[in-house]
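Have the picture open beside you and follow along.

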Amino acid sequence: AAGHHGATLGPLDPTALFYLRSRGLSAAAARAMVTYGFAAEVVSRIAAPDVRHRLDLIVRERLAAHA
C-alpha cells in the first residue's frame, strides 16, 4: 500500500490483545498499545536522545490517529 515500507510484521500477540480487551480497551486501542510496545522497543535503541524523542512522538501520534 502507498506510504508503507517493504518490511512486514507478523500478527499481533493474541494473548496481549485478549488481556487488554478484557480490561475494557477497544480492539483498536488494544492493537495500538501492542504496536506501540513493539515500536518503543525499536525506538529505545536509537542513541541520539533528540532523535529518539522525536520518533517516539511520531509513533504515538500515528497510533493515536488509528485508535
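A salt bridge here is a side-chain nitrogen of Lys or Arg within 4 Å of a carboxyl oxygen of Asp or Glu. Asp56, at 16% relative accessible area, is buried.

How far apart are Arg60 and Asp56 in helix α3? They are four residues apart, so about one helical turn separates them. An α-helix has 3.6 residues a turn, so residues three or four places apart point the same way.

## What kind of model this is

Before going further, note that this is a predicted model: local features need a pLDDT of at least 70, side-chain atom pairs count only at pLDDT 80 or more, and totals for chains, interfaces and linings use all residues. Residues are numbered from 1 along each chain as its sequence is written, and side-chain values use heavy atoms, with hydrogens and water left out.

The pLDDT is the predictor's confidence in each residue, from 0 to 100. Its mean over the chain is 84, and 84% of the residues reach 70 or more. Over residues 1–8, though, the pLDDT is below 50, and this stretch has zero contacts in the model beyond near neighbours in sequence (a contact means heavy atoms within 4.5 Å). Where pLDDT is low, the predicted coordinates should not be read in detail.

## The overall layout

The chain has three helices and zero strands, so the pattern along the sequence reads α-α-α, given that helices (H or I, at least four residues) and strands (E, at least two) are DSSP runs numbered from the N terminus. Of its 67 residues, 16% count as buried.

At the start of helix α1 (residues 14–22), Asp13 caps the N-terminal end: one of its side-chain oxygens sits 2.9 Å from the backbone nitrogen of Thr15. Just after α1 comes Gly24, with a positive phi of about 100°.

## The nonpolar core

Which residues make up the largest nonpolar core? There are five: Ala32, Ala39, Val43, Val59 and Leu63. Such a core is a set of buried Ala, Val, Leu, Ile, Met, Phe, Trp, Tyr and Cys residues joined through side-chain atoms within 4.5 Å. The elements giving two or more residues to it are α2 (27–43) and α3, and α2 gives the most, with three.

Take a look at Val59, which lies in helix α3 (residues 49–66). Leaving aside neighbours within four places in sequence, Val59 is in contact with Tyr36, Ala39 and Val43. Val59 and Ala40 are 19 residues apart along the chain, yet their C-alpha atoms are separated by 8.3 Å.

## Out on the surface

The structure holds two salt bridges, and one of them joins the side chains of Glu41 and Arg45 (3.1 Å, N to O). Glu41 is partly exposed at 45% relative accessible area, whereas Arg45 counts as exposed at 63%. Side chains of opposite charge can pair when their charged atoms come close.

Back in helix α3 you will find Arg62, which is exposed, with a relative accessible area of 60%. Arg62 and Ala32 are 30 residues apart in sequence, and 9.3 Å apart in space from C-alpha to C-alpha.

Terms used: A polar contact is a pair of N or O atoms within 3.5 Å; within protein, one must be able to donate a hydrogen and the other to accept it, and residues adjacent in sequence count only if both atoms are side-chain atoms. Buried means under 20% relative accessible area, exposed over 50%, partly exposed in between (1.4 Å probe, protein chains only).
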